[in-house]
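The questions below are meant for someone meeting this structure for the first time. Please keep the sequence and the model in view while reading.

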Number of protein chains: 2
Amino acid sequence: MKSTKEIEELGLTKQRKVVLSVIMDSKEHLTANEVFELSKGLLPKISFATVYNSLRFLKEEGLISEVNFGSGASKFDRMTDRHDHAICSSCGKLVDILLDLPEDLMRKAAERSKFKPETLEFTLRGTCPECK
Amino acid sequence: MKSTKEIEELGLTKQRKVVLSVIMDSKEHLTANEVFELSKGLLPKISFATVYNSLRFLKEEGLISEVNFGSGASKFDRMTDRHDHAICSSCGKLVDILLDLPEDLMRKAAERSKFKPETLEFTLRGTCPECK
DNA sequence: CCTTAGAATTAGAATTATTCTAAATTCAAC
DNA sequence: GTTGAATTTAGAATAATTCTAATTCTAAGG
């Protein structure tokens, strides 16, 4: 996670600040389209392409993250520390959870894939309380 | 995983059998479009919509799985036992790996999300050998 | 066998998601 | 202030996915 100081040093444009604040202020994971709609509330002249550009930029800078679990549009999420997801196989609801990363699991994953590891995340598939 | 007998009992149509065989025979994860192109080789008159319908059907029956890691089209994979993925944050390459599911992790995930758990999968993000 | 109803397939249109383009604007550095 | 690079804009283009309506297949009942 970047510090406030580091974020300031990026010299974000007005548009990128708006996109970032929309995501930071949201409790939900937002689709690009939802980010666009909410951003327009703050900056009516912002264009769709700028939202996409901003999302890509912010993602590359590590300020937000993109998740997609098959079916439908990507969703964007404020970047917090490492965290995991649960997704409802019935209604598609997506929630954040935090699990401890067991000792060694990342090392094993790196070993088996031959990848240089960055992060390891868990995805639980199941049925959410409303769908149960 | 379904047994051969269970699969036969589904009475798959010719088209669905072709789609399934394309995925089963592929070493790679395929996009819907790739499945369509390969299926046409076996059944030239098959339509795009049928491929999508078949993919949805086969997924619901648990014969194949869909993965998507943000950016681009979903990919379809033969359903094996529970397994995990590593994805290259540089080139997007996706590989299957198998990690042991630590004792308790699924129970904890269910506890924290309040979901009725079905599966828990890991995703390693890192840099693949070619990009290193 | 026939008929028939439901499911599946087809071709293509429609919709949704994402990226690209070219012109205008902004912004920082000289 | 001028210049050049980066960004934004509006809208077009492309890609991904779903829908529609007409046709075909299939399995069950007579």
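Q: Is Gly126(B) buried or exposed?
A: A residue counts as buried if 20 or more other C-beta atoms, placed from the backbone, lie within 10 Å of its own, as exposed if there are 12 or fewer, and as partly exposed in between. Because Gly126(B) has 22 C-beta neighbours inside 10 Å, the class that applies to Gly126(B) is buried.

Before going further, note that this is a predicted model, in which local features need pLDDT of at least 70, side-chain atom pairs count only at pLDDT 80 or more, and totals for chains, interfaces and linings use all residues. Residues are numbered from 1 along each chain as its sequence is written, while chains are lettered from A and ligands numbered from 1 in the order in which they are written.

Q: In which strand does Gly126(B) lie?
A: Helices (H or I, at least four residues) and strands (E, at least two) are DSSP runs, numbered from the N terminus. By that numbering, the strand of chain B that holds Gly126(B) is β6.

Q: Which residues is Gly126(B) in contact with, leaving aside its neighbours within four places in sequence?
A: Two residues are in contact if their C-beta atoms, placed from the backbone, lie within 7 Å. From chain B, the partners of Gly126(B) are Ala86(B), Cys88(B) and Ser89(B). From chain A, they are Ala110(A), Phe115(A), Lys116(A), Pro117(A) and Glu118(A).

Q: Which element gives the most to the side of chain B that touches chain A?
A: The contact takes 37 residues from chain B and 36 residues from chain A. On the side of chain B, β2, β4 (84-88), β5 (94-97), α5 (105-113) and β6 (116-127) each supply at least two residues. The element that gives the most, with 12 residues, is β6(B).

Q: How many bridges join β6 of chain A to β6(B)?
A: Two strands pair if DSSP finds at least two bridges between them. Strand β6 of chain A, residues 116-127, runs antiparallel to β6(B), and within this pairing Leu120(A) has Leu124(B) as its bridge partner. The number of bridges that join the two strands is 11.

Q: Which strands of chain B stand at the edges of the three-stranded open sheet?
A: The sheet has the order β1-β3-β2 in chain B, with antiparallel pairing. Two of its strands have a single partner strand each, so one side of each is left without a neighbour in the sheet, and these are β1 (30-31) and β2 (64-67).

Q: Which residue in the turn between β4(B) and β5(B) has a positive phi?
A: Four bridges join β4(B) to β5(B) in the antiparallel sense, with Asp84(B) and Ile97(B) as bridge partners. The two strands form a hairpin with five residues between them, and the turn residue with a positive phi, about 85 degrees, is Gly92(B).

Q: Which element gives the most to the surface near DNA strand D?
A: A residue is near a strand if its C-beta atom, placed from the backbone, lies within 6 Å of it. There are 22 residues around DNA strand D, and Thr13(A), Gln15(A), Ala49(A), Thr50(A) and Ala49(B) come nearest. With five residues, the element that gives the most is α4(A).

Q: Which element gives the largest share of the surface near DNA strand C?
A: Of the 22 residues around DNA strand C, those that come nearest are Ala49(A), Thr13(B), Gln15(B), Ala49(B) and Thr50(B). The largest share, five residues, comes from α4(B).
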